[in-house]
Structure formats: structure tokens, C-alpha cells
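User: I would like to go through this model step by step. Could we start with how its helices pack?

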Amino acid sequence: MHRRLALALATAILLAVAALALHGALGSSPRHAPTAPTLILAAPAGPAITIGRHPIGLSIEYPLLAHDLGSGRCPPAAFVRALTALGAPTLRIGGDSQDQTAPAGAPAHPGVSDLQGGFWSQVGCLERETRIPIVVGLNLASGETAWAAELAASARAAIPAARLSFALGNEPDIYGAPVKWWNGQALVSAPMPWPTYLARATSIALALGGGSALEGPDFASGRWIALVPALAKTLHLRTIDAHFYPLDGCRDPASATSAALLSRAVQTKLDERVRLARDARAAGLSAVISETNSVSCGGLAGVSDAPSSAVWAVRTILTALRDGFGSVRFHASGSSYDPFVVAGATLVERPLYLGLRAIAGLLTPGELLQAIPNAAALDAVAISGSGGERTVVLSNYSSQARRVALAATARVRVLRVEARAPVVTAATVAPSRRRVLVELPANSVDAITLAPSA
């Protein structure tokens, strides 16, 4: 069946590259077709990737989640709706704050704050109302194994085991900057030695007990990447994860521009993490991007909260899935790159969230995603369902508009994520002479869904 779908896609999709600047609506008549030669896209290449149960996720720092949960027994309805609109997004609780967090009522400790009382009860209510998986980030930098065990026990009392997992530390390969770690006598800025990390991670894993769902190592660099396969066996990890920030807002904020975020080159930076996905598959494990966003160190206003972030996010999800990652989790820390902002009972959606919500509706678990070889300034993937419906997702990296022509006998649905307002638009395009023309604006991603008979 998959071979038939690939053949259908290869013969059904015609690409026409415009030689002129295009100013039409989503669809236009074939008599306005560009004069440039029409190209036929090649058949989908490489393996057909099965979309997993949670392709999109969120990552939220402990203090921000405590804020967003509010003061009531259960979280605000707007917060619940924002999560469920993303399908079934995994929620990772962590980031820098997890290595600065102790259980409620813990004695004072340098560089650490304890959780507010009732935090896990509120998280439990959030899980009941959304049925989303929860990943609890545990403090490894402080070296207090008992804290990890206590945090895990509190989480287990509030969240069903089937939807609960744990992450051991946050970016331990770069401990010392920005998060200092406790060496037993003082907080230090020097990098943590590998033996120290391994001893602490092993101690926490043992304290959690056999059968615990563990993921890690949440690395942010290539410092220890060659050791990951052995580490996965030592800690009995179920999931290998990594972090990914394509633009550096810590050391080079001037380079973090919308133009850079929208470039094709920025997508190739994900290749730095692909080795982890290969190692995971070789070990029979899953792999995820457990924390990502547009610009490191909290993002950059005017870039991370702009429409360009939505286009970048959709492209990153599709690239990561093609590279073998099962999920991509977008981080929030109370800064400009947060997908949304919760203020009491209200929630303000940013462009990033609008892009995530748009692509979430296309990534149905169990459907197949397969790359279509590039053509001109476009990247293309095909998403195929068992019912015969298929969606072609085209990413236009060009600074000029492009047109695509697709064979169709019925109206097609077009969902667009664009690097200008309005960020997300939707329309239907009627065929003429058994095809439809769809114009792709500059710096956009268009998802074109064809009926089974098309």
C-alpha cells in the first residue's frame, strides 16, 4: 500500500516555478500559469516515517509552570485549552530551573529554591483534564539523591505511571555555565567531570527504582556525545533526548535575525543532533528533541515572538521527524520565545503557538510521513493516511513567491503558515481542467490536502 501511495504522489504532484512576482490569492486559473517549465516532483525518497503519538510537545520551567497553573485547585481553562489544541503534547517540566529546584519544605541550600506546596496536586489536575504525558525534570546539579526520590514520589502520587517519566538533570554536559553545580562544598562554574555526572545519574536512577521510565541525557553540546550509547545501557534509558537552539542569543545576539531563522541553512544545524537519533534507533530506543526554541538564552524580542518563529517551528518539526526524532518540545521560560503567555484566566497566543497548533492538526499519529526530493527553492514532504487522504507540505525558502500545480478532481484544502500577519490562513481551491494552482508566498509553509479520489 505504501508503494502505491508513493507512486500516486509522484504522478499527482506537478511543480511550476514562477518566473514573475506573483500577486494572486491562494488559487488561480490555469490560464495564468507561469511560463517556466513545469517540473514533476520525484517520488518520495527514503523510509516512510510513522508519526508517533506525541510529535509535538512543550517544555516549561518549574517557576513558569507554577505561575501558569494559577492559585486554584486546577489550572485555568484557557491553559487547558491551549494544551489540548496541540493534540496530546508531552509536557516536560524542566530546564535550568530543574537543577535549582528542591521538594517543598527542603532545608535551605545554596542556589536552590523549594517548590510551593500543592504544586504536584495542580499538575495532577492538569494531567486529568488533558491526559497528556508528563516528564518530570529532576535536580542532578545539587547532588541530593533524596530530593530526586522525594520529587518522584510526589509526582507519582498525582500522575498515573503510564503517563509519567523522569529526566535526570538538564544539560549536564555544560554544567557551570549558566547553571552552577554543587561539588559538595561550594557552587562551582567549572564543567562537571564525566565520572561525577555518571555517579550522580546512576544514584538517582537506582533511587527511582527499576521500571521507572527514564529519559536523558538532555545534552546541549557534543562534549560527551560519543558516550551516549553506553550511558543509555547503564541508566536503562527508554528515550534518548537532546536540546536544540539554532541561533545563539548568548554569545552572538546580533546574528539572531528573522532572516537567519528563515534560511535553509538554519535547518541543517539540526544535523548536529541526528547522531543521537541514530544511536537511539541502534539501541532500540526512541529519540526526542526535549527542549528547543528559536534563539538560546531566552530568545530575542522581534524574532522569537514574530511570525518567522512560526514558520521556523513547522519546518523544524518536519525536519526532526524525518531525521528520526519522535517528538519536538518547545521551551518556555517566561521570555520572548514562549509560545503563549498566561495571565490569570486569560491566555495570549504568540505566532509560535499559532504555527504549532496549525501543524498539530496535520500530524495524525499512525500516518506516514515521507520526504519528497527538493525542487528549486522548495522542500516537500508527503503525509499519507490509511483512508487515502494525503497532504503535501511545501516549504518555500525563497524570497519570492512560487506556484505549485497539483492534479486534482475535487477542491483541495490549503493551510498556510507565513512569516507575516496573519500567521495562519486557510482556504479551499477549486480545480480547473483536473488540476489546481496554489501560490506559495515567500518564506511560507503550505499544507495542501487532497481528497482520496484526487
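This is a predicted model: local features need pLDDT of at least 70, side-chain atom pairs count only at pLDDT 80 or more; totals for chains, interfaces and linings use all residues.

User: Which hand does the crossing of helix 4 and helix 5 have?

Analyst: Helix 4 and helix 5 cross in a right-handed manner.

User: And which residues make that contact?

Analyst: Helix 4 contributes Trp120, Gly124 and Arg128, while helix 5 contributes Leu151, Ser154, Ala155 and Ala158. Sorted by class, the contact of helix 4 with helix 5 has four nonpolar, two polar and one charged residues.

User: Why give both an angle and a distance?

Analyst: Two packed helices are described by the angle between their axes together with the distance between those axes.

User: OK. How do helix 2 and helix 4 pack?

Analyst: Helix 2 covers residues 62-69 and helix 4 covers residues 119-130. Their packing angle is about 70°, and their axes lie 10 Å apart. Helix 2 and helix 4 are therefore roughly perpendicular to each other. The crossing of helix 2 over helix 4 is left-handed.

User: Who touches whom there?

Analyst: On helix 2, the contact is made by Tyr62, Leu65, Ala66 and Leu69. On helix 4, Phe119, Trp120, Gln122, Val123 and Leu126 take part. The contact of helix 2 with helix 4 has eight nonpolar residues, one polar residue and no charged residues.

User: Is helix 2 largely enclosed or exposed?

Analyst: Helix 2 is largely enclosed by the rest of the structure, because six of its eight residues are buried. These buried residues are Tyr62, Leu64, Leu65, Ala66, Asp68 and Leu69.

User: What comes just after helix 2?

Analyst: Glycine 70 follows, and its phi is positive, at about 80°.

User: Switching topic: what do the strands form?

Analyst: Eight strands form a closed barrel with parallel pairing, in the order 5-6-9-10-13-14-15-16. On average, neighbouring strands of this sheet are turned by 25° against each other, direction ignored.

User: How many bridges join strand 10 and strand 13?

Analyst: Strand 10 (residues 164-168) and strand 13 (residues 214-219) pair in the parallel sense over two bridges. Alanine 167 has glutamate 215 in strand 13 as its bridge partner.

Technical notes: Residues are numbered from 1 along each chain as its sequence is written. Side-chain values use heavy atoms; hydrogens and water are left out. Two strands pair if DSSP finds at least two bridges between them. Helices (H or I, at least four residues) and strands (E, at least two) are DSSP runs, numbered from the N terminus. Axes are lines fitted to C-alpha atoms, for helices over the stretch in contact, and angles run from 0 to 180 degrees between N-to-C directions. Angles under 35 degrees count as roughly parallel, over 145 as roughly antiparallel, 65 to 115 as roughly perpendicular and the rest as oblique. A crossing is left-handed if the near helix is turned anticlockwise from the far one by less than a right angle, and right-handed if clockwise. Contact means heavy atoms within 4.5 Å. Ala, Val, Leu, Ile, Met, Phe, Trp, Tyr, Cys and Pro count as nonpolar, Asp, Glu, Lys and Arg as charged, and the others, Gly among them, as polar. Buried means under 20% relative accessible area, exposed over 50%, partly exposed in between (1.4 Å probe, protein chains only).
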